[in-house]
Amino acid sequence: MNKDLGNTIITSNTVDSGNLTISKNGIDIPTQQFDRSIIVKDKHFYFLRAGKFRKYTLQSNGLKEIAQLAMQDQHIENINWLDRDTLLLFTSDNKTNRRLWVSKITVNDFKINQQQEVKLPSASADFKILSVGFGTIHQQRLLIGYTFNKVINETDFTTIDTMYIATLDKTTLQLENIQKILVLLTPEESILFNLIASMTKMAISILCPALV
């Protein structure tokens, strides 16, 4: 994001030396169509917009869409690259922010090989907004770390004092069990925790897409 709130893509094979500037090296993309949740992998760009998960290539005049998959009324919560061709996509619904889907996508031929809604029990009547912090494979199981938020006002939200880890079968994506981890934070610590978590997640996805 630029200082004028516009969006520009800059690519480089190394960050060890040299200089890059937005004006000379950047390619502007429409702010009304893209934001910082864009996914970058092996010279391709992926973005969920207007009910479709889209694949792009970067050209001198911007991004060119080359493929799309229908994903109505959903937004991306998190991602995990199982390998260079397989993306695990975690999405929630735009209406309630409460439902969770896990989609296994092969990006070369751009197909959804597997998709499963994971029905997670409610934590509290006040905390209804699902937030997925990570999804990773461990010992042939898919672990999903998540919590729940609630909106305080137009600019602020807070997080429940419990983190949950759902264990799914890696092959079938069926839910096996859920563990609860209690996190005791003061209101000030909770705000700081939310800010750090959001900034860390954003920084990793932008600067080190290969790690997410």
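The structure is a predicted model, in which local features need pLDDT of at least 70, side-chain atom pairs count only at pLDDT 80 or more, and totals for chains, interfaces and linings use all residues. Residues are numbered from 1 along each chain as its sequence is written, and side-chain values use heavy atoms, with hydrogens and water left out. Strands here are DSSP runs (E, at least two residues), numbered from the N terminus.

- Strand β12 spans residues 141-151. Eight of its eleven residues are buried, so β12 is largely enclosed by the rest of the structure.
- Two strands count as paired if DSSP finds at least two bridges between them.
- Strand β11 (residues 129-138) runs antiparallel to β12, and nine bridges join them. In this pairing, F134 sits opposite G145 of β12.
- β11 and β12 form a hairpin with two residues between the strands. Q139 in this hairpin has a positive phi near 50°.
- Strand β14 (residues 162-169) also pairs with β12, in the antiparallel sense, over six bridges. Here L143 faces T167 in β14.
- Strand β13 (residues 157-159) is antiparallel to β12 and is joined to it by three bridges. V151 stands opposite F157 in β13.
- Five residues lie between β12 and β13, which form a hairpin.

**Salt bridges**

- A salt bridge is a side-chain nitrogen of Lys or Arg within 4 Å of a carboxyl oxygen of Asp or Glu. Side chains of opposite charge can pair when their charged atoms come close.
- The whole structure holds four salt bridges.
- D42 pairs with R84, with 3.1 Å between the closest N and O atoms.
- D42 is partly exposed, at 39% relative accessible area. R84 is exposed, at 61%.
- E65 forms a salt bridge with R54, and their closest N and O atoms are 3.0 Å apart. E65 belongs to strand β6 (residues 62-70) and R54 to strand β5 (residues 52-59), so this pair links distant parts of the chain, eleven residues apart.
- R54 is buried, with a relative accessible area of 9%. E65 is partly exposed, with a value of 30%.
- R141 and E176 make a salt bridge too, with closest N and O atoms 2.9 Å apart. R141 is in strand β12 and E176 in strand β15 (residues 175-182), so the pair ties together parts that are 35 residues apart in sequence.
- R141 has a relative accessible area of 29% and is partly exposed. E176 is partly exposed as well, at 38%.

**Leucine L82**

- L82 sits in strand β7, which covers residues 74-83. L82 is partly exposed, with 32% relative accessible area.
- Contact means heavy atoms within 4.5 Å. Neighbours within four places in sequence aside, L82 is in contact with L88, K104 and I137.
- L82 and K104 are 22 residues apart in sequence. Their C-alpha atoms are 9.1 Å apart in space.

Technical notes: Helices (H or I, at least four residues) and strands (E, at least two) are DSSP runs, numbered from the N terminus. Buried means under 20% relative accessible area, exposed over 50%, partly exposed in between (1.4 Å probe, protein chains only).
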